[in-house]
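Me: I would like a close look at a single part of this protein. Please keep the answer plain and connected.

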Amino acid sequence: MHPSSFEYFAPTKMEEALDLLSKYKGDAKIMAGGQSLIPLLKLRIASFPYVIDISGLNGMRGISEEGEYLEIGALATISDIEENEMVRERYTILHEAAVQIADPLIRNRGTIGGNLSHGDPSNDMPSVAIALKAKMEVIGKEGVRLIEGDSFITDSFTNSMNEGEILRRVLVPAARGSTGGCYIKQKKSAGDFSVAAVAVQLSLNENESIRSAGIGLTSVAPKPLRAIRAERFLEGKKISDSVVKEAAKIVVSESDPSTDFYGTSEFKKKVLERITEEAINVSFERALVG
Ligand SMILES: Cc1cc2nc3c(=O)[nH]c(=O)nc-3n(C[C@H](O)[C@H](O)[C@H](O)COP(=O)(O)OP(=O)(O)OC[C@H]3O[C@@H](n4cnc5c(N)ncnc54)[C@H](O)[C@@H]3O)c2cc1C
C-alpha cells in the first residue's frame, strides 16, 4: 500500500527543523530513520500532511564521553552504537541491546532517538535508558530541557516531549568504578521483538554491596517500566542467591504483561523472573571487574 500524500522537507539545520515544526504545528511529523514511521504511513495507520526528515541535521550522530556523560546524538543509528568500541567495552548493556534489534538493514537506518521517541513498549532502547538512568535532551523553540529516562515514555506510543520539540541527545552517566550491566531479551526468533526483556545496571561499593541499581523492563507493560521497588530492594545489599531471587520476584510484581501473540501473561512473568535473575547475576559479575 502507498502512504497518503504528504509534503516532504529535509532540513539540514536544527533551527530550520524547529521553524517547520512550528509553522505546521499539529500537522507535521518528524522522521529520523523511518523504520517505525514509514511502515505506519504505508499501512495508513497514520498519515500526516507534512513529514520533516531530520536525518540530514548536522552534528547529531556523534557518540563520545564528555565529562560526566556518554553523549549519544539522537541520530546515531543502532548500527553506530553496535559498532562503537567504547560502547562495546564500557557500556555493554547498550551494545547488547543494539545487536538484538531487528536486522542489520533496520539497524543501519533506525536511530536511537527514533527508537526512544516512538514509545513502543517493545522497543529495546527505552528500558536500557531507564536502567542507565539516562537523560533525554530535547530542544524546542523555547529552549533546551532534560527529561529523565524513566519519565520520557508516558504511555504506549506516547512520549513526554511537547509538540514542536526534538530529541537532540541522550546523556548517559559515564561508567565509573565498579559498574556493570546486562540486557537479556527473550525472543521467539532472531531479530524479533521480545517476549520479555530486562536491562540491569549495577554499581558496587568497595565492600561489593550494591551502591546503585537500575532496572528497566521491555514488553511487560503498556510502556517501558522502571522496576523501582526492586532497585530499592537491591541497593545497599550484597548479592546472594536469596537476594537475587527476591529481587526478581519484586520485578515480576511490578510488571503488568498482557496476553498476546508472544505468550500469556503468566508465561511472560515466568520468563521475566528467570531472565531477571540471570541479568542481576551477570551485571554483578561484570561490575566486579568493571
Ligand atoms: C521489522 C521490524 C523489526 C523491528 N524490531 C525491533 C526490535 O526488535 N527492537 C526494537 O527496539 N526496535 C525494533 N524495530 C524498530 C526499529 O528499531 C526502529 O528503527 C526504531 O523504533 C525507530 O527509529 P527510526 O529512527 O527509524 O525512527 P522513525 O521511524 O523515523 O520515527 C519513529 C517515531 O519517533 C519520532 N522521532 C524520531 N526521531 C525523533 C527525534 N530525534 N525527536 C523526536 N521525535 C523523533 C518520529 O516522529 C516517529 O514518531 C523494528 C522495526 C521493524 C520495521
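Which elements do the buried residues of α12 pack against?

Reply: This is a predicted model. The buried residues of α12 pack against β11 (179–187), β12 (194–204) and α11 (241–254).

Start with the helix itself. Helix α12 covers residues 265–289 and has 25 residues. From its first C-alpha to its last it reaches 36 Å, close to the 36 Å expected at 1.5 Å a residue.

Next, the residues behind the packing. The buried residues of α12 include Lys268, Lys269, Val271, Leu272, Ile275 and Thr276. Further along, Ala279, Ile280, Ser283, Phe284 and Ala287 are also buried.

Now the setting. The domain assignment gives domain 1 (7–53), domain 2 (63–173) and domain 3 (180–289). The C-alpha centres of domain 2 and domain 3 lie 19 Å apart, and 22 residues of domain 2 are in contact with 23 residues of domain 3. On the domain 2 side that touches domain 3, α5 (92–99), α8 (125–131) and β8 (153–155) each supply at least two residues. The most comes from α8, with 5 residues. By class, this side of domain 2 has 10 nonpolar, 6 polar and 6 charged residues.

The ligand belongs to another part of the picture. Domain 1 and domain 2 both give residues to the shell around the ligand, so the ligand lies between them.

How values were computed:
Residues are numbered from 1 along each chain as its sequence is written. This is a predicted model: local features need pLDDT of at least 70, side-chain atom pairs count only at pLDDT 80 or more; totals for chains, interfaces and linings use all residues. Domain bounds come from an automatic or database domain assignment. Helices (H or I, at least four residues) and strands (E, at least two) are DSSP runs, numbered from the N terminus. The expected span of a helix is 1.5 Å times one less than its number of residues. A residue is buried if 20 or more other C-beta atoms lie within 10 Å of its own, exposed if 12 or fewer, and partly exposed in between; C-beta atoms are placed from the backbone. Two residues are in contact if their C-beta atoms, placed from the backbone, lie within 7 Å. Ala, Val, Leu, Ile, Met, Phe, Trp, Tyr, Cys and Pro count as nonpolar, Asp, Glu, Lys and Arg as charged, and the others, Gly among them, as polar.
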